[in-house]
Amino acid sequence: MAGFSMAEPMCLIENGKDGKLCVQPKALQILEQIGQRVVVVAVVGLYRTGKSYLMNQLAGKRNGFALGATIQSKTKGIWMWCVPHPVKKDHTLVLLDTEGLGDVEKGDQKNDTWIFSLAVLLSSMLVYNSMGTIDNDALQRLHYVTELTEHIKVKSQQDEDEDESTEFLRVFPSFVWSVRDFSLTLELDGKPITADEYLNNALMLKPGHSKAVQMYNMPRSCLRNYFPTRKCFVFDRPATTEKMRILDTLADADLDPSFVKQVREFCCHVFSTAESKTLKGGVHVTGTSLGNLAKIYVDAICSNQIPCLENAVLSLAQIQNAKAVVQAIDHYNAQMAERVAYPTESQEELSQIHHVVEKEALKILIDCSFKDDDQKYQQKLLQNLDEIYAEILIKNIEQSKKVCESIIKHVFQPLEDQLSSGRYVSRGGYKAFCADMQRFINRYRSTPGKGVQAEEALKKYLDGKKAFQDSILTADQSLTEAERQIQAEQAKAQALEQQHRAEKEINNMYQKLLKDQEQSYNELNQQLMQKMEEDRQNAAKEYDRVLSAKLKEQEDLISQSFKERAELMQQSIDTLKQEKRAMESNKPSVLGNVLDTVGTIAMFLPGPISKVVGVASSLLSRLF
């Protein structure tokens with residue numbers, strides 16, 4: 001399945017003239033269609049620094065996001081462009097181009113911080129675009145990073161001694177600094193260095209505790225502690241000043257070759273390393289959930305609240321889980337309507353279709369839902385499927401009943417005609433009646449398409465003919481009293497056999513439904529365990545990513561002689577390692593909890609299919 005593709009960008013979050021942010025409904029409708037995982041790359045930076053050009057390159061287009069050639073900022077709010085990911089199969093690349101920070105035409109400069117914060121919250125890779133060099137002035141202009149803790153809350157109830165940076169590392173995007181129109185030589189102490197080394201050197205901390213040192217270190221510490229990975233790209237000036245005004249119309253041949261090469265390397269890095277967007281615990285985000293997240297965050301900001309990651313995840317889980325139930329039910333209804341031809345030849349046929357479609361519906365729920373810790377939404381789905389399946393079962397029984405009655409009317413019509421003509425009320429009539437009856441019974445049983453009511457419908461018909469059979473037996477003068485007695489006993493035996501056939505038919509239905517219940521239990525158990533193992537692996541990857549970032553930072557601190565800071569970081573590292581070990585050692589008990597939960601659902605819902613059996617029992621007792 002290819003990623004979703006938009007012909008051109010559109011506004012995702014509008015920044016109105018009054019400074020109020022608003023998520024655009026049309027953009028949400030676009031994201032609603034994207035059920036794939038999304039890799040979200042956002043670009044931020046001062047206005048007129050060429051952010052939109054990089055986004056167009058990532059989209060594989062020359063035009064798209066507005067470039068502009070004047071001193072005015074062209075992009076307002078946050079614009080998005082969804083295209084198929086060029087490398088990751090079954091992923092959609094979502095590009096977010098933000099309005100320029102520091103635009104003098106803005107009425108409220110605080111708005112910049114919200115735009116920056118939203119870019120951080122929504123992206124899996126954040127590209128910060130700047131001009132010239134990475135010096136202290138450039139880092140001080142990146143004060144938005146230092147304000148993140150004031151505009152983003154990790155938890156609704158935060159412990160004072162809790163390491164907030166650890167929680168940010170779990171969910172914050174990777175960070176790429178893009179330095180445009182770079183004219184310096186990448187060299188340090190007379191030795192050539194890489195762009196990454198250039199950035200790391202710029203982020204080195206100063207020793208001391210004075211206010212000036214704290215001001216100097218603050219943006220550097222935030223970049224080092226909040227973002228799991230950092231990367232730097234430097235770009236030569238792409239063309240002359242005159243050509244820069246028409247940059248979006250120029251081909252690669254019209255640009256500086258080194259700039260073209262640098263852009264190509266930048267794009268390759270983004271495509272190969274930008275991960276799919278995840279929430280805490282490694283929960284993967286789809287286009288649908290990305291749109292819901294944007295709405296949740298913007299609603300919080302517009303309500304003068306600080307966006308809280310924990311609350312956002314809970315709100316998103318409620319929205320997404322409820323929608324997943326609806327999607328699963330809709331899929332079940334549509335597929336059962338398409339695949340079931342009433343009446344089914346047997347209960348086995350209906351059960352097989354139900355099992356396949358139920359499995360698909362459960363997968364939709366489990367794949368699309370998360371944080372359903374008390375299995376509330378699983379129970380809701382199973383209850384709904386029980387009720388729908390019960391109605392399907394009833395419809396199948398009633399349709400079978402109608403078809404059987406129609407076949408009986410057609411097959412036994414000659415017998416009805418003979419009865420009306422009085423043909424059997426004569427000497428030898430009873431023997432002829434029995435022979436004809438058996439012939440028509442055989443013909444009826446050999447007729448296909450009767451469904452699950454075949455023997456019960458025949459029993460009902462034969463019971464209705466018992467009075468005629470008795471009168472014919474009494475009227476047949478060719479039989480002695482002893483022979484009549486024998487024939488009467490044979491008729492009772494045949495009726496009893498027919499009753500047993502009908503009971504066996506119903507019992508087979510019950511047994512198959514009970515087997516359905518067992519299959520549903522096993523299927524739910526299997527899918528839950530698979531989902532739990534996937535969640536555990538995602539959580540482990542998250543721990544590894546955070547630990548890797550912490551260990552790298554600790555190594556840098558030691559090399560820069562910040563021993564005290566490194567020792568403090570060791571406490572955080574030890575805590576993370578303990579949490580990871582606890583998670584891994586808790587696996588057997590968690591599996592047990594899953595089994596217990598599934599068993600509870602199966603027993604007290606009253607469970608997959610058990611309700612159907614109850615409905616069927618009531619119906620069958622009513623019908624028969």
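Tutor: Helices (DSSP runs of H or I, at least four residues) and strands (runs of E, at least two) are numbered from the N terminus. The model is predicted, with local features needing pLDDT of at least 70 and side-chain atom pairs pLDDT 80 or more, while totals for chains, interfaces and linings use all residues. Residues count from 1 along each chain as its sequence is written, and side-chain values use heavy atoms, without hydrogens or water.

Student: Which strands stand at the edges of the open sheet?

Tutor: The eight strands follow the order β2-β1-β4-β5-β3-β6-β7-β10, with mixed pairing (at least two DSSP bridges between two strands). Two of them have a single partner strand each, so one side of each is left without a neighbour in the sheet: β2 (21–23) and β10 (230–234).

Student: Which residue of β6 is the bridge partner of valine 44?

Tutor: Strand β3, residues 37–45, runs parallel to β6, residues 125–131, and five bridges join the two. Within β6, the partner of valine 44 is tyrosine 128.

Student: What volume does the largest cavity have?

Tutor: A cavity is a set of points on a 1 Å grid over the protein atoms alone where a 1.4 Å probe fits but cannot get out, and lining residues have an atom within 4 Å of a point. Both β11 (278–279) and α13 (309–339) supply at least two residues of this lining, which has six nonpolar, one polar and two charged residues. Taken as the space filled by probe spheres set on points joined across faces, edges and corners, the volume is about 70 Å³.

Student: Which element gives the most to the lining of the second largest cavity?

Tutor: That lining includes Ser165, Arg224 and Glu553, and α7 (164–171), α9 (211–226) and α20 (481–559) are the elements giving it two or more residues. The most, three residues, come from α20.

How values were computed: 1 Å grid on protein atoms, 1.4 Å probe; cavity = no way out; pocket = protein on both sides within 12 Å on 5 of 7 lines; lining within 4 Å. Nonpolar A, V, L, I, M, F, W, Y, C, P; charged D, E, K, R; others polar.
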